[in-house]
Amino acid sequence: MGLISNRIHRSNLQEGDHIYSFRKWKSYSHHGIFVEADKVIHYTKTNKEGTANKLRRKPVCKNCGYDRKVHRGVVITCLDCFLSGYELYRFDYQVPYHQFLLKRSGTCSTGRCDDPPAAISRATALLNSDHGFGDYNLLENNCECFAIYCKTGKHMSEQSCSAKSTARAVAQAILDQNSGRLLDDVRVHDPDNYTNLKEKIDQLITLPFKEIIAILIKLNKNEEFETMEETKNHLAQEV
Ligand SMILES: [Zn+2]
């Protein structure tokens, strides 16, 4: 499996997997738990308002009987209904810190997950419960929270602070890396402005990207990437 992409083929799916797919505009991903052959338990919007017009266009699924107009909250559908035509990915757990930063948000967690039967059991219990997974909220109680809860027994809202600080760290890392590209570009195309721009950027940025990675490797207990050299090799292969 690559450092960057978690894309998998459906023939490699295993029962209890946390799977997801990116939607059209890519900033949104839909998550669920693959429970058995061609069956996924996932969490959809509980609020019917505002989506009725869009949903009317999708017919009832001939394969699994899923009717988007009727079934809300925690649902069980076929894989095709879950994917809605988009590509299939598998969510990663116990990802090392530095690898977490290189991944897109909503594709992995540093957390440990329970064994597949526990995930299937939690998903099934929520599917059969009258309350389901409660009221849908895009930021605090969404399909990703549902799948992570099934895998780990923990609710993401408890972790929202660390998620926010991680987002800030990623932004910082990307800024550090891209500012070097920007300076290279400006040096060629607008050399008069280069020194001024470099001074400003140096004031803004205190830690180079590689140092952030090195610190994270030290902080991380995972011995998979022990040295900077190994990490560089991995990055060279994967990026
Ligand atoms: Zn279906």
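The crossing of α4 and α5 is right-handed in this predicted model. The contact draws on Ala118, Ala119, Arg122, Ala123 and Leu126 from α4, and on Phe146, Tyr149, Cys150, Lys151 and Thr152 from α5.

Two packed helices are described by the angle between their axes and the distance between the axes. Here the axes of helix α4 (residues 116–128) and helix α5 (residues 143–152) come within 7 Å and cross at roughly 130°. Angles over 145 degrees count as roughly antiparallel and 65 to 115 as roughly perpendicular; α4 and α5 are therefore oblique to each other.

Thr107 lies in the loop between α3 (97–102) and α4. Its relative accessibility is 5%, so Thr107 counts as buried, the cut-off being under 20%. Beyond neighbours within four places in sequence, Thr107 contacts Asn6, Tyr20, Phe22, Arg90, Phe91 and Asp92.

The average pLDDT is 78, and 68% of the residues score at least 70. Among the elements of the chain, α4 has the highest mean pLDDT (97), whereas helix α9 (residues 228–238) has the lowest (52).

| Stretch | pLDDT | Contacts in the model |
|---|---|---|
| Residues 158–165 | below 50 | one, beyond near neighbours in sequence |
| Residues 221–228 | under 50 | 15, beyond four places in sequence |

Key
Residues numbered from 1 in each chain as written. Predicted model: local features only at pLDDT ≥ 70, side-chain atom pairs only at ≥ 80, totals over all residues. Heavy atoms only, no water. Axes fitted to C-alpha atoms, helices over the stretch in contact; angles between N-to-C directions. Helix = DSSP H or I, 4+ residues; strand = E, 2+ residues; numbered from the N terminus. Parallel < 35°, antiparallel > 145°, perpendicular 65-115°, else oblique. Left-handed = near helix turned anticlockwise from the far one by under 90°. Contact = heavy atoms within 4.5 Å. pLDDT = per-residue confidence, 0-100. Buried < 20%, exposed > 50% of the residue type's maximum accessible area, 1.4 Å probe, protein only.
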